[in-house]
Amino acid sequence: MNSKTSETIFRALDTFRIEIPSWAFANTGTRFGKFIQAAAATTIEEKFSDAAIVHQLTGVCPTIALHVEWDFPLGSKSADDVIEISRRSSVRPGSINPNFFQDQCYKYGSFGNPDRSVRERALEHARDSIRIAKTLHSRDLSLWFADGSNYPGTANIRQRKTWFEENLRTVHGELAADQRMLIEYKPFEPAFYHTDIADWGMAFLLAKAAGPRAKVLVDTGHHYLSQNIEQIVAWLLSEDMLGGFHFNDRRYADDDLTMGSIDPYQAFRIFHEILLFEHESGKRADIAYMIDQSHNLKGKIEAMIQTVGMAQQLYVKAALVDHDALVVAQNKPDLVRAESLLQDAFASDVRPTIAEWRASRGLPADPLGAFHESGYLERITKERSARNSTSVSSYA
Ligand code: LRH
Ligand code: MN
């Protein structure tokens, strides 16, 4: 690797940060049950502790995404405890995710529910989540809604759209001046006929209608297999409406597998559109890079360290694209030249230089190896196995 290339990689790694989700450290499963891991985290302390070791070993995950129902049992009344815990930890609270899908009252939706009292209740939960974000100095309120229907004719789609517009505008009005709201779309699941915020266009229009601090969140698993995700990313960048990502990978649907495990070139193409945008606009895109995965079989901390390493690899590979040569090839157009500029960058083995960067920053060259040598897994397995052995594995 020549020095110019190493410099490019070092510069990219120095700025790349990615947020990890608290829920990825907990025992999760599918509708067919969940396989309990003795070392899994249950308490917010344990989730901060697991996130801290990932940050300690990789150096690039200073914040942890929190989910209100799962991490704040008493809602905003739990916020002070979390401040205390984060003070003792090397990771800070990141995006705050309200939960508009778990409560029984959300059977027919939350912001889109025909029952006004349920819409009010969901709005109150949003307000409480904003209170938490303000208390924790979290910038982003990350909103995903399971709202939708399972059978044709059972929901008034336009009426629900209007309720979403009203409620999201209200949420926007409650944000602090330095806060943002990120609207996440998803085509289906748990609703299997229509989902109220099903694609980027719907999220875009709702964000525009809500206000200037509302942006769109792209969860890579929330697309039909044939969709061109990086084109959506390019459009959102061009409209200054891209707020953040939930990275994961999938073979079929919202599988929440580890990033780059199925289609690493997909994530590379997304990073490429962002870095080309930054190259051409000369400005850094204001994007929250976050991971959203559930590790049903892999060791949860190992999977997270693996994911962060993969995210770094794919990001710096995209930084190796010769943007000036690409723009020339695109305008010629020289198709093979342009495509080869991406393929050559993607084919670069950046792992040795990433290991050099880690060593130069006092980080272990091999974070996963360092994790296994740390004895952390053995320690938490001892501490947590008794409690985890009692947790329920069956779905129904
Ligand atoms: C929905 C989703 C959303 C989270 C949840 C854990 O599929 O991607 O971002 O709230 O997963
Ligand atoms: Mn998500």
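Mentor: What follows starts at the metal site and then turns to the core and a strand pair. Keep in mind that this is a predicted model.

Start with the manganese ion (ligand 2). E184 (OE), D219 (OD), H246 (ND1) and D292 (OD) coordinate the manganese ion, at 2.1 to 2.2 Å. The site has 6 donor atoms, and the angles among them run from 72 to 168°. Along the sequence, the donor residues follow the spacing E-x34-D-x26-H-x45-D. H246 belongs to strand β9 (residues 242–247), while D292 sits in the loop between β10 (288–291) and α10, so this pair ties together parts 46 residues apart in sequence. Both H246 and D292 are buried.

Now take F245. Setting aside neighbours within four places in sequence, F245 contacts L217, V218, V233, I270, I274, I287, A288, Y289 and M290. F245 is also among the residues with the most contacts inside the largest nonpolar core, as are I274 and Y289. V54, F111, L168 and F271 complete that list. The core has 107 residues. Helix α10 (residues 300–319) supplies the largest share, 10 residues. In soluble globular proteins, nonpolar side chains tend to be buried together.

Last, the strand pair. Strand β3 (residues 92–97) is mostly covered, with 5 of its 6 residues buried. Strand β2 (residues 63–67) runs parallel to β3, and 4 bridges join them. I64 has P93 in β3 as its bridge partner.

Note on methods. Residues are numbered from 1 along each chain as its sequence is written. Chains are lettered from A and ligands numbered from 1 in the order in which they are written. This is a predicted model: local features need pLDDT of at least 70, side-chain atom pairs count only at pLDDT 80 or more; totals for chains, interfaces and linings use all residues. Side-chain values use heavy atoms; hydrogens and water are left out. A nonpolar core is a set of buried Ala, Val, Leu, Ile, Met, Phe, Trp, Tyr and Cys residues joined through side-chain atoms within 4.5 Å. Buried means under 20% relative accessible area, exposed over 50%, partly exposed in between (1.4 Å probe, protein chains only). Helices (H or I, at least four residues) and strands (E, at least two) are DSSP runs, numbered from the N terminus. Contact means heavy atoms within 4.5 Å. Donors are N, O and S atoms within 2.8 Å of the metal (3.2 Å for Na, K and Ca); water is not among the atoms, so sites may look incomplete. Four donors count as tetrahedral if all angles lie between 85 and 135 degrees; four count as square planar and six as octahedral if opposite donors are over 155 degrees apart and all others between 65 and 115; anything else is irregular. Two strands pair if DSSP finds at least two bridges between them.
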